[in-house]
Amino acid sequence: MSSLNRMSSETHHYYAERALLASGWADNVLFSVKDGQFLSFEANSKPMPDCHLLSGPVLPTVANLHSHAFQRVMAGAAEVSLNPSDSFWSWRDLMYKIVQKLTPEDVNIIAKQLYIDMLKAGYTQVGEFHYLHHGAKGQPYQQRSEMSSQMIAAANDSGIGLTLLPVLYSHSGFGGQAPNAGQARFIHSTDSYLALHQECHDQLVNHPRHTLGICFHSLRAVTKPQIDTVLHSLAKDCPVHIHIAEQQKEVQDSITFSGQRPVEWLHNEIGLNERWCLVHATHLTDEERQAIATSQAVAGLCPTTEANLGDGIFPGVAFEQENGRWGIGSDSHVSLSIVEELRTLEYSQRLRDQQRNRLHRPAQNSVGDNLFQQAVLGGNQACGVSLGLSQGNRADFMVLDSANPFIAASESKDLLNRWLFATNENLIKDVFVAGNHTIKNFRHQQEESSRLAFTQVIKKAMNHA
Ligand SMILES: [Zn+2]
């Protein structure tokens with residue numbers, strides 16, 4: 001077992017001059033970790049003789065609620081104008097071409113490097129929305145869960161926590177339209193999906209960091225009887241993810257098919273609750289937005305990918321006023337930065353409204369504090385985990401670099417705003433996952449070998465793309 005997956009049964013003590021606890025900022029915090037969990041927190045303390053002194057402010061880590069790991073290989077490769085109407089759909093054509101070339105080994109290498117980069121960015125859990133299931137012509141692998149196993153192996157090697165979301169993808173459009181050739185590697189029937197889910201369950205059961213959810217690609221890709229069967233057949237308490245209302249065309253196609261918009265349809269025909277993570281949910285009427293907020297489902301926002309693909313702007317200001325729940329995902333991985341995701345989200349609202357300081361709540365008027373807090377809470381709910389500096393939680397935390405002047409000079413009440421709105425370089429110096437020191441002084445122990453392997457996979461994937 002690698003040192004990143006070891007669970008120490010000894011008690012380890014840590015000391016930080018300041019830490020963002022679940023109850024807010026505290027000074028001179030002594031805390032202890034045992035069996036990968038937080039055992040206790042004591043503010044206004046002194047360091048113990050054998051405790052590990054943390055060099056900067058300590059923050060909770062964030063669950064990255066939406067990832068398609070293989071798409072990392074094409075980040076930045078679709079930024080040349082070839083067509084006056086380049087869109088999400090022309091980007092998808094390139095994605096389908098590249099996906100044809102990837103072997104299970106390639107996917108493992110991409111995912112491992114991606115997960116290392118996520119850890120360095122302060123994400124310690126990832127919701128892997130995994131739909132690349134089969135061989136190049138759509139033939140199943142000998143082991144049905146071959147590709148899922150590669151994701152699990154990459155998570156184990158990197159030390160990140162995985163919320164595996166095996167995807168049911170059966171159709172190319174609303175009403176059960178036959179899949180197209182580019183989708184051959186993604187397609188499952190309901191029965192083969194349930195068998196895949198069982199294989200994934202068998203691999204993940206009782207894992208200390210990993211968990212399993214349910215996932216429908218989109219309302220384009222599944223029918224109502226399929227959703228009903230899957231929800232009826234599988235665990236009643238795990239997260240359920242779906243892409244929804246990302247593109248105007250999808251909304252129009254939904255109306256043509258059913259007379260209802262996507263979120264309206266899901267709300268009326270299936271029902272929403274806190275198990276659901278509605279990924280994107282960009283194009284909403286007031287009623288749809290209120291239905292999501294009232295249901296306590298999470299809106300899975302992917303601000304840098306949504307900006308890159310030209311999706312649209314999420315109605316964040318109204319959703320905040322309705323106490324809507326949301327978290328962030330890096331999705332296509334054009335960015336691996338909590339700072340950039342949250343900043344892009346806030347700035348999208350400012351640009352639309354021609355006003356400043358948009359995403360805050362009555363109980364939290366500091367934008368940076370509100371953004372970070374909502375991202376932690378929403379990521380937890382959507383990934384089925386409990387990250388945060390609180391007794392009994394998994395001992396995940398990160399340490400910011402106190403050599404940075406903005407970090408060093410800020411009072412705690414200003415620190416998140418300084419970090420999120422004044423800095424560009426990665427200031428996350430150390431990251432701990434379940435008590436394991438996974439990122440030490442900005443470095444992961446396997447990053448050199450992983451980078452070399454990833455370089456080769458990029459070259460191969462982009463050759464004649
Ligand atoms: Zn996605």
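Against which helices and strand do the buried residues of H14 pack? The views below are of a predicted model, in which local features need pLDDT of at least 70, side-chain atom pairs count only at pLDDT 80 or more, and totals for chains, interfaces and linings use all residues. Residues are numbered from 1 along each chain as its sequence is written.

**View 1. The buried side of helix H14 (residues 412–422).** Leu-415, Leu-416, Trp-419 and Leu-420 are buried in this helix, where buried is taken as 20 or more other C-beta atoms, placed from the backbone, within 10 Å of the residue's own. These residues lie on the same side of H14, because they cover an arc of only 105° around the axis, the arc being that of the directions from the helix axis to the C-beta atoms. The buried residues of H14 pack against helices H11 (338–353), H12 (367–383) and H13 (405–409), and against strand E15 (397–400); a contact requires C-beta atoms, placed from the backbone, within 7 Å. Helices (H or I, at least four residues) and strands (E, at least two) are DSSP runs, numbered from the N terminus.

View 2. Ser-450, Phe-454, Val-457 and Ala-461 are the buried residues of H15, and they line one face of the helix, because they fall within an arc of 60° when seen down its axis. Helix H1 (88–99) and helix H2 (104–120) are among the elements that cover them.

**View 3. The exposed face of helix H15.** Turned away from the buried side of H15 is a face with exposed residues (12 or fewer such C-beta atoms within 10 Å), including Glu-448, Arg-451 and Lys-459.

Key: Contact = placed C-beta atoms within 7 Å.
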